[in-house]
Amino acid sequence: MDDHTDQARKPRADAVRNRERVLEAAKAVFSAGGPEASLEAVAKRAGVGIGTLYRHFPTREDLFEAVYRREVEQLSELAEQLKNEKDPVEALRRWLHSGVEFVATKKGMMAALALAVQSGSELHAFSFERLTKAIGSLLERAVAAGEMRADISPEDLLRAFFGMCYVHDQPGWQATALRLLDVFVDGLRVQPAGKAKVRAARTTKPAPRRKR
């Protein structure tokens, strides 16, 4: 590899780093919400000029959507990591808690995303498909372990989650949402008597038929 190739690649690497810094800064600024959720505040927090921000994201909506997609992808990746956790119920709980942070990120950009994420849009389909798959993989594991009831679907769980985060415009909403999620998850656990029935159903072999 010659020096010319190195020099050609360095700007691209810098551009990638700058883009990631902008997205990380935007997440923090948008989570805080309010009048401070401006693109100038994002650029300042990222340590880049406003021109650099606009080169990567020409419009405010472009930046909002990029942050949103990035958060969805990170939640999908987290679900994959949590599938290796020993306790499947706690893995699901941790994912839901991380989801609260995802909702918090959207606080400063709800109005701009309202149209983009409406039912039927590509962005809505993108997020709903990935989040349903992520939460479904963790739910399936908990059900298979006999730790969680089987009569709830990933779609039901995802809708319940967003319903509990609906008060995101109220002071202290995150603490409330986390508490409600804990109550909800505990309520979905299979009780000891139920676990015994599940184990019995799996281990009991049918009695052999009598020959006539």
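Reader: In which helix does Ile135 lie?

Author: Ile135 lies in helix α7; helices here are DSSP runs of H or I with at least four residues, strands are E runs of at least two, and both are numbered from the N terminus. Before we go on, this is a predicted model, where local features need pLDDT of at least 70, side-chain atom pairs count only at pLDDT 80 or more, and totals for chains, interfaces and linings use all residues. Residues are numbered from 1 along each chain as its sequence is written, and side-chain values use heavy atoms, with hydrogens and water left out.

Reader: Why is Ile135 called buried?

Author: Buried means under 20% relative accessible area, with exposed over 50% and partly exposed in between, using a 1.4 Å probe and protein chains only. Ile135 has 0%, so it is called buried.

Reader: And what does Ile135 touch, not counting residues up to four places away in sequence?

Author: Ile135 touches Leu92, Trp95, Leu96, Pro154, Leu157 and Leu158, where contact means heavy atoms within 4.5 Å. Glu155 is 20 residues away from Ile135 along the chain, and their C-alpha atoms are separated by 8.7 Å.

Reader: What makes α7 roughly perpendicular to α8?

Author: The axes of α7 and α8 come within 9 Å and cross at roughly 110°. Axes are lines fitted to C-alpha atoms, for helices over the stretch in contact, with angles from 0 to 180 degrees between N-to-C directions. Angles of 65 to 115 degrees count as roughly perpendicular, under 35 as roughly parallel, over 145 as roughly antiparallel and the rest as oblique. That is why α7 is called roughly perpendicular to α8.

Reader: How many nonpolar, polar and charged residues does the contact of α7 with α8 have?

Author: The contact has 8 nonpolar, 2 polar and 2 charged residues. Ala, Val, Leu, Ile, Met, Phe, Trp, Tyr, Cys and Pro count as nonpolar, Asp, Glu, Lys and Arg as charged, and the others, Gly among them, as polar. Gly136 and Thr132 of α7 take part in this contact, as do Glu155 and Arg159 of α8.

Reader: What is the relation of α8 to α9, and why is it called that?

Author: Their axes come within 9 Å and cross at roughly 150°. By the cut-off already given, α8 is therefore roughly antiparallel to α9. Leu157, Ala160, Phe161 and Met164 in α8 meet Ala177, Leu180, Leu181, Phe184 and Leu188 in α9. By class, that contact has 9 nonpolar, no polar and no charged residues.

Reader: Which residues have the most contacts inside the largest nonpolar core?

Author: Those are Leu92, Trp95, Leu96 and Met148, in a core of 35 residues. Leaving aside neighbours within four places in sequence, the contacts of Trp95 include Leu75, Leu131, Ile135 and Leu158.

How values were computed: Core = buried A, V, L, I, M, F, W, Y, C linked by side-chain atoms within 4.5 Å.
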